[in-house]
Amino acid sequence: MRKTTLKPIYEIIFKLSKLFGGECEICLKKMKKPKSGFTIHHLEYRTGEKTHKDFTSRLKYYQYLSPIIKKFHKKGHVHSKFMFLCNACHQSLDGPRGLNRRKKSNLLRLFWAVYRTKT
């Protein structure tokens, strides 16, 4: 895909980023202008809600998702349903070897090990 094709996607993500303070919730990297490198992460899907797999393009997905996020923001619940993340943090969380793929009990032990490690 060419940059001109992706620009509308980056514009939507940039506008939505303002609802989250414009920075990745994990590493605090800021999105200062419409560009690649950021995404909106679902914390949970509601029954009947479409996922990115239901769309043929990212643009159509974000056009579908945008009003949903705005609705939750107006109700004050956006942070309980979504996170604004840079792609690196999203990949760590949700990627092929991401933390979301681990059992919750193993994940807690992993975090405890990281916390205890002083190296």
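**A first look at this predicted structure**

K15 counts as exposed, because its relative accessibility is 55% and the cut-off for exposed is over 50%. Together with K18, K70 and K74, K15 gathers in a patch of positive charge on the surface. Before I go on, please keep in mind that this is a predicted model.

Now let me step back to the overall picture. The protein has 5 helices and 2 strands. If you read along the sequence, the order is α-β-α-α-β-α-α. Taken along the principal axes, the C-alpha atoms fill a box of roughly 45 × 30 × 30 Å. There are 119 residues in the protein, and buried residues make up 33% of them.

Next, the aromatic residues. How many aromatic pairs does the structure hold? There are 7 aromatic pairs. Let me show you one of them, Y61 with Y62. Their ring centres are 5.4 Å apart and their planes stand at 65°, so this pair is edge-to-face. In case that wording is new to you, a pair of aromatic rings is described by two things, the distance of the centres and the angle of the planes. Are these two tyrosines buried or exposed? Y61 is buried, with a relative accessible area of 7%, and Y62 counts as buried at 3%. Y61 and Y62 also belong to one aromatic cluster, which they form with F55 and Y64.

Let's move on to the salt bridges. The structure holds 4 of them, and I'd like to walk you through some.

Here is one between K30 and E23, where the closest N and O atoms are 2.8 Å apart. On the lysine side, K30 counts as partly exposed at 45% relative accessibility.

Another salt bridge joins E44 and K81, with 3.3 Å between the closest N and O atoms. This pair links distant parts of the chain, as the two residues are 37 residues apart. Where does each partner sit? E44 lies in the loop between β1 (38–42) and α2 (58–74), while K81 belongs to helix α3, residues 78–81. E44 is partly exposed, with a relative accessible area of 41%. K81, on the other hand, counts as buried, because its relative accessibility is 18% and buried means under 20%.

Then we have R46 and E49, whose side chains meet in a salt bridge at 3.2 Å, N to O. R46 is partly exposed, with a relative accessible area of 33%, whereas E49 is buried at 10%.

One last stop, and that is S36. You can find S36 in the loop between α1 and β1. S36 is partly exposed, with a relative accessible area of 45%. Which distance separates the C-alpha atoms of S36 and I9? They are separated by 8.8 Å, and the two residues are 27 residues apart along the chain.

So, to recap where we have been: a patch of positive charge on the surface with K15, K18, K70 and K74, an aromatic cluster made of F55, Y61, Y62 and Y64, and a set of salt bridges, including the one between E44 and K81 that links distant parts of the chain.

Notes: Residues are numbered from 1 along each chain as its sequence is written. This is a predicted model: local features need pLDDT of at least 70, side-chain atom pairs count only at pLDDT 80 or more; totals for chains, interfaces and linings use all residues. Side-chain values use heavy atoms; hydrogens and water are left out. Patches are made of residues with over 30% relative accessible area and no salt bridge: like charges are joined within 9 Å, nonpolar side chains (Val, Leu, Ile, Met, Phe, Trp, Tyr) within 5 Å. Accessible areas come from the Shrake-Rupley method with a 1.4 Å probe; for residues, only the protein chains shown count as cover. Lys and Arg count as positive and Asp and Glu as negative; His and the chain ends are not counted. The place of a charge is taken as NZ of Lys, CZ of Arg, CG of Asp or CD of Glu. Buried means under 20% relative accessible area, exposed over 50%, partly exposed in between (1.4 Å probe, protein chains only). Rings of Phe, Tyr and Trp (its six-membered ring) pair if their centres lie within 6.5 Å; planes under 30 degrees apart count as stacked, over 60 as edge-to-face and the rest as tilted. Helices (H or I, at least four residues) and strands (E, at least two) are DSSP runs, numbered from the N terminus.
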